[in-house]
Amino acid sequence: LIRTGRAKEAEAPLRVVVDAMRNADGQFALAEYYMRVDRPAQAVPILKELTENRETYALATARLAAIDYGQGRVAEAHKGIDEVLKRQPNQRAELLLKGQLLLKEQKLDEALVFLKAAVTADPNRSAEPELMTLPP
């Protein structure tokens, strides 16, 4: 429904599924929905709660960084990703996101360092599914 331009119709069924799932995957799905339909303020509390769990900390923090970046808080976005990479330096998705942020800022040499590290972290996987859509 989201891809067909009928995103508002997707929210109610998505919430039913998320409530039934009662796990982090459901919470991430709901937060992603809010991010895709340009309602990041509703994604933030969900993601902040997910940062409190060690298993979901990295991905939730990365999603919050993407929101920060999209709202013009570039320094905060970098700070969030840097925190994740400090704790878990081989997080492939976060290395990719850091590279993406730097590419958007035309910091090509720095971006390449992170993008190469992401490939090194798992050379047999395509980066495409993990690349986040960042605003222009």
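Predicted model: local features only at pLDDT ≥ 70, side-chain atom pairs only at ≥ 80, totals over all residues.
Figure 1. The elements covering the buried residues of H4 include helix H2 (24-36), helix H3 (40-50), H5 and H6. Helix H4 itself comprises residues 57-70. Of its 14 residues, 12 are buried, so H4 is largely enclosed by the rest of the structure. The buried set consists of Tyr57, Ala58, Ala60, Thr61, Ala62, Arg63, Leu64, Ala65, Ala66, Ile67, Asp68 and Tyr69. The end C-alpha atoms of H4 lie 20 Å apart, in agreement with the 20 Å that 14 residues should span at 1.5 Å a residue. After H4 comes glycine 72, which has a positive phi, near 85°.

**Figure 2. Threonine 61 within helix H4.** When its neighbours within four places in sequence are set aside, threonine 61 is in contact with Thr51, Gly80 and Val84. Of these partners, Val84 also belongs to the residues of H5 that meet H6.

**Figure 3. Threonine 56 in the loop between H3 and H4.** Threonine 56 is located in the loop that joins these two helices. With a relative accessibility of 9%, threonine 56 counts as buried. Apart from neighbours within four places in sequence, the contacts of threonine 56 are Ala24, Phe28 and Leu50.

**Figure 4. Packing of helix H5 against helix H6.** Two packed helices are described by the angle between their axes and the distance between the axes. Helix H5 (residues 74-87) and helix H6 (residues 92-104) pack at an angle of about 150°, and their axes are 10 Å apart. The angle makes H5 roughly antiparallel to H6. The two helices cross in a left-handed manner. From H5, the residues Ala77, His78, Ile81, Asp82, Val84 and Leu85 take part, and they meet Glu94, Leu95, Leu97, Lys98, Leu101 and Leu102 of H6. By type, the residues of this contact comprise eight nonpolar, one polar and three charged. An α-helix has 3.6 residues a turn, so residues three or four places apart point the same way.

**Figure 5. Helix H6 and its packing partners.** The buried residues of H6 pack against H4, H5 and helix H7 (108-121). Because 11 of its 13 residues are buried, H6 is largely enclosed by the rest of the structure. The buried residues are Arg92, Ala93, Glu94, Leu95, Leu96, Leu97, Lys98, Gly99, Gln100, Leu101 and Leu102. From its first C-alpha to its last, H6 reaches 18 Å, close to the 18 Å expected for this helix at 1.5 Å a residue.

**Figure 6. The chain as the setting of the preceding views.** The chain contains seven helices and zero strands. From the N terminus on, its elements follow the order α-α-α-α-α-α-α. Of its 136 residues, 38% count as buried. Among contacts between residues at least 6 apart in sequence, 45% join residues at least 24 apart.

Definitions and conventions: Residues numbered from 1 in each chain as written. Heavy atoms only, no water. Axes fitted to C-alpha atoms, helices over the stretch in contact; angles between N-to-C directions. Helix = DSSP H or I, 4+ residues; strand = E, 2+ residues; numbered from the N terminus. Parallel < 35°, antiparallel > 145°, perpendicular 65-115°, else oblique. Left-handed = near helix turned anticlockwise from the far one by under 90°. Contact = heavy atoms within 4.5 Å. Nonpolar A, V, L, I, M, F, W, Y, C, P; charged D, E, K, R; others polar. Expected span 1.5 Å × (residues − 1). Buried < 20%, exposed > 50% of the residue type's maximum accessible area, 1.4 Å probe, protein only.
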